[in-house]
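Welcome! Please take a first look at the sequence and the 3D structure below, and then read on for a short tour.

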Amino acid sequence: MATTTAGAFNEFDTIVTPTASTWEKVYQRRDAVMSVIKEAFPSTANVQFESHKLIGSLGRRTASNPVADIDLMVHLHVDNDLWADSYRDDSSDFLYRVRRSLNNASTVKKVGARGQAVRLFYADGLYVDVAAVVKYTSGGYGIPDGSGGWLTTDPVKHETYLNECNARLTGDLKKVIRFAKKWNAAHSSRLASFHLEMLVARTYAKLGDNPCSALRLFFDYNHQFLSVQDPAGYSGDLSTYLTSTKRDAVNDSLKSARDRADLALEAERDGNHREAIRLWRIILGDQFPTYG
């Protein structure tokens, strides 16, 4: 509970930001999975472990509570003959090789393949998605596309791009991203997480220390402007998964959020923090503090 809008946002930031204990659990689980991976793909095998990296929102430090999944990129080197004879034209075989190896060596509750990654399920609900990739000499990484082919991606470039944007905007960008994710979650979660992050990142030429104004600008700037390019240059327009119906619904949500943000900012200027907090709670969801 808070008695000022600024206080409510400070409290909200604490609520939605993963804690030190959460990060400790994430690192413990990452290390446990990597121990299994390294054992399953030794340097003497025809598929060898090369490196790993925490990716996704945790890797980019844009995750918000509650944290439900860990995305782990695992770079595997495939011997040339095996690549040419089997995996180059059948990424599903590659994916199931990873699944079988993890299933044989892991003690987790369940291991399943999800088209592009292998998911390790745990009794506590915090699962790990292992994105096994091959590195292309031409640049980027190949990841199974779910249909037997390969997609090119580069999570390293994604992280670098966002870190550069965050540094240019004095380090507050990732906080705004976490807030924007809560708005998305409170209004049907129509936007994919990475797409949403890139929309926030491209919104600002400068970013002050007022999250209310920053969010209002995000809603306004991206209304009717949902197309944004993959900063790594591989996936093109990140909004193509949206149907016309879903695109209209997102734009309606952005407009509604912008209009409520205008009212909240006006209430705050008038000293009516109770009303401002009430409106921001509608925008950002039930985790946002109440007045008091």
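In which handedness of crossing, left-handed or right-handed, does α7 pass α9? The crossing of α7 past α9 is right-handed, meaning that the near helix is turned clockwise from the far one by less than a right angle.

This is a predicted model, in which local features need pLDDT of at least 70, side-chain atom pairs count only at pLDDT 80 or more, and totals for chains, interfaces and linings use all residues. Residues are numbered from 1 along each chain as its sequence is written, and side-chain values use heavy atoms, without hydrogens and water.

The axes of α7 (residues 173-186) and α9 (residues 211-222) come within 10 Å and cross at roughly 60 degrees. Helices here are DSSP runs (H or I, at least four residues), numbered from the N terminus. Contact (heavy atoms within 4.5 Å) involves Val176, Phe179, Ala180 and Trp183 of α7 and Pro211, Ala214, Leu215, Phe218 and Phe219 of α9.

Phenylalanine 219 also contacts residues beyond its neighbours within four places in sequence, including Leu254, Arg258 and Trp280.

Serine 189, at 44% relative accessibility, counts as partly exposed, whereas glutamine 224, at 58%, counts as exposed. Exposed means over 50% relative accessible area, buried under 20%, and partly exposed in between (1.4 Å probe, protein chains only).

Definitions and conventions:
Axes are lines fitted to C-alpha atoms, for helices over the stretch in contact, and angles run from 0 to 180 degrees between N-to-C directions. Helices (H or I, at least four residues) and strands (E, at least two) are DSSP runs, numbered from the N terminus.
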